[in-house]
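I opened my notebook to look at one residue first and then at the contact between two chains. Here is what I looked up, in order.

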Amino acid sequence: MAAAQDTGGEAAAGQWYDRANATYTTLVDAQHTVSSAYQFINVPMGIWVNEKGRVVRPAEPAWNSDQVMKITGDKSIVTEGKVYVDALRDWVRNGDRSQYALSDEEFARRVKPRSAAEMEADASFKLAVWFHENGKDELASKYWEHAQELNPDDWNYHRQEWSFGKDAGKKWMEKFQKLDKPYYPPLEIRKQ
Amino acid sequence: MHRRRFLFSSAGATIALAAPPAGVTVLYGDRTVHLDRVRPDPKDLWVRAADLPRINEFTLKPQGACRADMCIPISKELKSGAWFNLTGFAQRIHQASLHDSGVWSFGEMPVVRGDFYRSRIAPDFAVPDRKGRVVHLSDFRGRKVLVVTWASW
């Protein structure tokens, strides 16, 4: 299922679902509930959940194509979709026997409890969304920025807010150029 | 009671009784709950204990605040008659909370979240689809699910 992390709702997300001719479950997640539930900090990200509701693979980039997007002279964004989709197909065929299903040890290595700052950022973001949806833009900005300060690594917090203002692209580039770490969390996907 | 009324009326003054506080909105998990009454307090959010289940699925019992098979002991300071100190409870369980302009937002409950880290059972969610029908992850038990996020921005 796909969950549009769009505070702008159907008005923002709908046309893209239409263009995709989506036949799967299509959610409009204005509050970013899914990102909050699974600790996603960018898009696209995904989790695999088995028939018993158990997370087979926790939060990681969920690309579907291989791309190298050169952004600046020395910085690019590289996506590895083929390896992800191949692994996904393997899991669909083989279930928990798939060698891409993570062990408990590997799950514990990858999934860490939120820090106090991250938890407050999560609450602040929700507050910002509520204020935005209820026409209180100054208060929305206040709490979006508070979330961004508490958890600067969460690109969703930034990009959602920027989408409602001016110069979203410019702001994105300014933050991207200052990055001293990869734009996406690593995709560590290999047979166990 | 009668004597009090007499005192009010005989004084000839209009004594304006404090208006009950306006309702508040509580953001808790994926829920948005409007409460028409809360107990006045300069700092904390006191809710009716009867409202607790629809806020966070907890119920007050002799052994504490309980949800499913978990009970959290609570100090008597968190209770006052029919009222329960929700922000005091949040502090007790190390849960973040923020408020502004009558809206209170609560972060995850570490004690509940910890179950995810231990069990790997995916936290459930309730999110609308394009037609506004609420979808839960748990609706898909019995099937493999890939949950992917994306955005128009």
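I began with Phe107(A), which is partly exposed because 17 other C-beta atoms lie within 10 Å. For that label I used these cut-offs: 20 or more other C-beta atoms within 10 Å is buried, 12 or fewer is exposed, and partly exposed is in between, with C-beta atoms placed from the backbone.

This is a predicted model, where local features need pLDDT of at least 70, side-chain atom pairs count only at pLDDT 80 or more, and totals for chains, interfaces and linings use all residues. Residues are numbered from 1 along each chain as its sequence is written, and chains are lettered from A and ligands numbered from 1 in the order in which they are written.

I placed Phe107(A) in helix α4 (residues 104–110) of chain A; helices (H or I, at least four residues) and strands (E, at least two) are DSSP runs numbered from the N terminus.

Which residues does Phe107(A) contact, leaving aside neighbours within four places in sequence? I found Pro58(A), Leu102(A) and Arg120(B), taking contact as C-beta atoms, placed from the backbone, within 7 Å.

The contact draws on 56 residues of chain A and 40 of chain B. On the chain B side, β13(B) gives the most, with six residues.

Last, I looked at the strands. β3 (residues 45–49) of chain A pairs with β13(B), antiparallel, over five bridges; pairing needs at least two DSSP bridges. Val49(A) stands opposite Val145(B) there.

Terms used: Contact = placed C-beta atoms within 7 Å.
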